[in-house]
Amino acid sequence: MTSADAGIDRRSLLGLGVGGLAAVLAGCAAESGPVRRLRFATGPQGGPYHALGRALAEAVRASGHRLEVVPVGTSASVDNLRRIDRGSVELALAMADVAEDAVHGRAEFSRPVPVRALARVYVNYTHFVVPAHGPVRTVRALAGRPVAAGASGSGVQVLARRLLTVAGLTGDRAVHERQLGLAESGRALRAGTVDALIWSGGVPTPALSELARTVPLRFLPLDGFVGPLRERYGPVYSAVTLPAGVYGLREPVGTIGVGNYLVARADVPEGAVRELLEVVFDRWRDLLRDVTAGARLEPRFAISTGGVPLHPGAVAYYRSAYG
């Protein structure tokens, strides 16, 4: 505490009593303590994870907490969790299916990753997009055709491969997968070098809204694949609906939903997690504004992290804030 703060004089302090004095001293200690720096693995430039990462960093900076969140651009979910495993970041965003694989050391992960969930922040909607005037009207009609199936290291790629597997597009019926991010996928679809693109993200995804303004699009229904996906890969997948009106859709389209988790390394201190979640729940409207329309972040939703256990700091936060 500096002399400039000495408006709290000795007489004032005595008037506070023991409890009040302790609170003032604790506040002064907190203000002069070191800033905890948390590196945050997000996603590619221009994507929804990157937007959320920038928004969270700004919200933390404005909060007055002794925290600094530093967004790190990545290829998204798989890459993010590998960075958590290596210890090169402390925080990450990841799709629920990839996060559960990381916890159990399966699929893309050769050993369990020391990751814990802080919150389920929003739901991704799977977009399976083809030109509206083209010949493809079902997923299975893409056998042998080129498909943009997500960037290497992304959760989109994991989901796309699982979807193509349960659709029977394997072996001699396999599609020709192109490992492309969303921006590249849109350019390839517009140029006709791929016959479809697969994307998992918020609704509406701005890049797809822009694409729909220049290329008439058809969104293939996927709700029939939710059951086979859940049976084969677990309950992280759910049936959701792309609403009429987005992307120029005249009718709703059933598709596949999968949650997105804010996660941390297991060794991040509990106090830092509690402070971070205070900011998340105080500023969730700002955080999700450019990520997905109409989403709400509520505790009963946020704690639904499936097979990814909550961080002890998150448990403490939810109990203290919501009982």
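Before the first selection, some residue bookkeeping: Ala, Val, Leu, Ile, Met, Phe, Trp, Tyr, Cys and Pro count as nonpolar, Asp, Glu, Lys and Arg as charged, and the others, Gly among them, as polar. By that scheme the lining of the largest pocket splits into 18 nonpolar, 17 polar and two charged residues.

This is a predicted model, where local features need pLDDT of at least 70, side-chain atom pairs count only at pLDDT 80 or more, and totals for chains, interfaces and linings use all residues. Numbering starts from 1 along each chain as its sequence is written, and side-chain values use heavy atoms, with hydrogens and water left out.

Stop one: select Pro44, Gly47, Pro48, Leu182 and Trp199, which lie nearest the centre of the largest pocket among its 37 lining residues.

Stop two: Thr255, in strand 10 (residues 253–265). Show its side chain and you'll find it reaching the backbone oxygen of Thr126 at 2.5 Å.

Stop three: jump to Phe219 in strand 8 (residues 217–219). Phe219 sits 36 residues from Thr255 in sequence and 9.2 Å from it in space, C-alpha to C-alpha. Is Phe219 buried or exposed? Buried, with a relative accessible area of 5%.

Conventions: 1 Å grid on protein atoms, 1.4 Å probe; cavity = no way out; pocket = protein on both sides within 12 Å on 5 of 7 lines; lining within 4 Å. Helix = DSSP H or I, 4+ residues; strand = E, 2+ residues; numbered from the N terminus. Polar contact = N/O pair within 3.5 Å; in protein donor to acceptor, adjacent residues only side chain to side chain. Buried < 20%, exposed > 50% of the residue type's maximum accessible area, 1.4 Å probe, protein only.
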